[in-house]
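Hi everyone, thanks for making time for this one. Have a look at the structure on the screen, and then I'll talk you through it.

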Amino acid sequence: MSTSTPAVDNIIEIRNLHKTFHHGKVVALEDVSLDIPEGQVTVIIGPSGSGKSTLLRCINHLEVPDSGEITVDGIRVDAECDINLVREEIGMVFQQFNLFPHLSVLDNVTLAQRVVRERDADAAEGIARALLVKVGIPEKADVYPGQLSGGQQQRVAIARALAMQPKIMLFDEPTSALDPEMIKEVLDVMLDLASEGMTMVAVTHEMGFARNAANRVIFMDEAQIVEDTTPELLFSAAREERTREFLGKILH
Amino acid sequence: MLEEQPQFVGHALTRSERRDWRFVLMAVGLGLLLLGLLLPIYGHRISAAVTTFSEGSEVSLDFPTLISGQHYAQTNDPVNETLKDVALTVEPVEDHGRSLLGWLFAVLGSGELSLHLGFVVYVMTAIAAWVVVGLLLLSAWRRAKGLRAGLIPAATNLSLLTILAVVLSWQHQFDYAWTLFQKAPVELSPGIGFWLMLVGAASMAVACLGLRDETRKDIINWWALVFAVGLLIWLLICFRPYPYYEIWRFVSDGILVTLRIVLVSFAFILVVSLLGGLGRISSNRVIRWLASLYVEVIRGIPLLVQLLFIWFALPQVFDGIGALFGAISPNLAGVEEWFADLRLDPFAAAVLGLTICYGAYGSEIFRAGISSIHHGQMEAARSLGMSYVQAMRYVILPQAVRVILPPIGNEFVALLKDSTLVSVLAVSDLTRRGREYMARTFLSFDTWILVALCYLVLKLFSSRVVESIETKSSFK
């Protein structure tokens, strides 16, 4: 893989990323390199502890890698860059939703718009209400997160991230904390987003989503990328033994 | 019978509900009280008094605004003499409205606030009752959620107290001395405003008591204890003016000093606690270490020792620093002098000592409060592009405040009590004034009982305030 000529259409470029935890005792990422072109929907799968969440969190610098390079939309992401500018362009959705419980749904979606994007209250509210329609819960604008179901909370979290009008969306196991009957409503929103051409990187084990929306599936194990393929090939003809073994465990 | 449901809570009131007798009575009471506040209440005042005693001693007092200290002069006979007579000068009042509000402004403008604090409290009680009952009535008429039931206990208590306050404000006119009233009963009789206020306050009280079923709270709540202790102090002062009135006059400026020290310190403590708490969880090792050192060291040294150090030893430290500059270069003699002249006044030393000590405890409270917010909140805020400061300001602190409030409120109450320690500096706070008075008169029991009651009422009052803030800010 070439490291010298960065392709213009790669919105995320990751080179030789290393990350350890607990003073080097636990290796989370070992020499991981990855290019993601604009508009691509990438799904990352792998057993727990394989480093997939860490990889995702390195992209917006929530985790600081030990070494290696990350470039997002042409900006080197490191200690010297203005990380807040980079993060404005990267929306992130968390497993535990992480909505702000002291703010109403509407304020959750408008807060960063007002504070970071410096939009005035009316403009922010307009965008927020449009996004709540898009994720299917316009009637919940004035309630507090604690009064919503998990699926509704996660959809608000997606609306909150989209309100910044990011170029990239990261999903960190967005459906893992949900009751089964609520998974579909969140996946529908994600499918919608994928069909609009959003660049998405999702850590998820929803194989239906991978099959229907992903352009690319990456299988990680033991801190490394084991297989980088398309959903069609993954299910019909996975190259690596470890991948087939993992798929055999999660598909029944 | 079925469990009684609140009648007016939780829905906008219908037209006929709004015309319920309790709301009508409340409105009438509000109107009468307002009218009473504005109409003449006392047309005459005692402007001077000459008190004569059996052996020819004479005490002559002039009262530029309101009478004050006369009761004490009458009761506190000179040695071997008894009260013979009091000659009053009673003047009609012309320069202000003769209404209670007019008197209030006259007192506030006179610069004798501390002498007539009681009078101001009476008028304020009436005004507070008017406002609170007014809000209650407004909520019944206008609010989509119906009656604001939480206001009912306050409205009831304040209405009842207003009846008392109106009567006491009249007695203030002759310094609570019936002998004086009997000298000019016609002039000193209360005017139309007095009676209107009494009827108004009574109507409001009856209306509020009629709403008892609307609230699950006790009508007479813990606020009553605050008022009870306050009243006890007041009764002691009024009816045993010797020695309590004298003690009160001597120590009351100490209450203001104590309050000033506590409030100013507390403002600084909040800032230091926030910085200390953030420092304790900082990712920067040096800052974290410094903050921890501060907290551990200060919490390990008794407050009294810290205060003594700041007051007695800090000047030497300043001199030492100055001498150091002087030793470095003769050109720095100016700096040396500046340090040699640097002395804290007692008030600043007290505030500094309390801030440093309580800031350390507060830092731990803030650290615990901020840490209790799940780290996902910070990650979510940062992932949206917010800076650390923005994330703290808009996401973490608003949530942490709910955790921090109860313990920090307790700190405030503890600070109030620990502020007695600053009396070892030359600060004339309540405790020091009490000590000074006792040293002069040897009235140890009376002095300390009054001082203790003053602290008690301050403590009870601030506890109640803290409590109500906590209730308001708790999670749904």
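This is a predicted model: local features need pLDDT of at least 70, side-chain atom pairs count only at pLDDT 80 or more; totals for chains, interfaces and linings use all residues.

Residues are numbered from 1 along each chain as its sequence is written, chains are lettered from A and ligands numbered from 1 in the order in which they are written, and side-chain values use heavy atoms, with hydrogens and water left out.

So, chain B. There are 18 helices and three strands in chain B; helices (H or I, at least four residues) and strands (E, at least two) are DSSP runs, numbered from the N terminus. The C-alpha trace of chain B spans about 80 × 70 × 40 Å along its principal axes. Chain B has 476 residues, and 47% of them count as buried. Buried here means under 20% relative accessible area, exposed over 50%, and partly exposed in between, with a 1.4 Å probe and protein chains only. If we take the contacts in chain B with a separation of 6 or more, 76% are between residues 24 or more positions apart, where contact means heavy atoms within 4.5 Å.

Chain B also divides into domain 1 (15-220) and domain 2 (252-473), with bounds from an automatic or database domain assignment. Taken over C-alpha atoms, the centres of domain 1 and domain 2 of chain B are 39 Å apart.

Now to the strands. In chain B, strand 1 (residues 44-53) and strand 2 run antiparallel, joined by five bridges; two strands pair if DSSP finds at least two bridges between them. Is strand 2 of chain B buried or in the open? Of the five residues of strand 2 (residues 58-62), the number buried is zero, so this strand lies largely in the open.

Next, a few helix residues. B:Ser363 sits in helix 14 (residues 346-371) of chain B and is buried, at 0% relative accessible area. Over in helix 12 (residues 303-328) of chain B we find B:Phe318, which counts as buried at 15% relative accessibility. B:Phe318 touches B:Phe339, B:Leu342 and B:Arg343, again not counting residues up to four places away in sequence. B:Val271, in helix 10 (residues 241-280) of chain B, counts as partly exposed at 47% relative accessibility. B:Val271 and B:Gly362 are 91 residues apart in sequence, yet 9.4 Å apart in space, C-alpha to C-alpha.

Last stop, chain A. A:His23 has a phi near 55°, a positive value in a residue other than glycine. A:His23 is in the loop between strand 1 (10-21) and strand 2 (26-37) of chain A, and is exposed, with a relative accessible area of 82%. A:Asn98 also has a positive phi, near 55°, but is buried, at 8% relative accessible area. The loop holding A:Asn98 runs between strand 6 (90-93) and helix 3 (105-115) of chain A.
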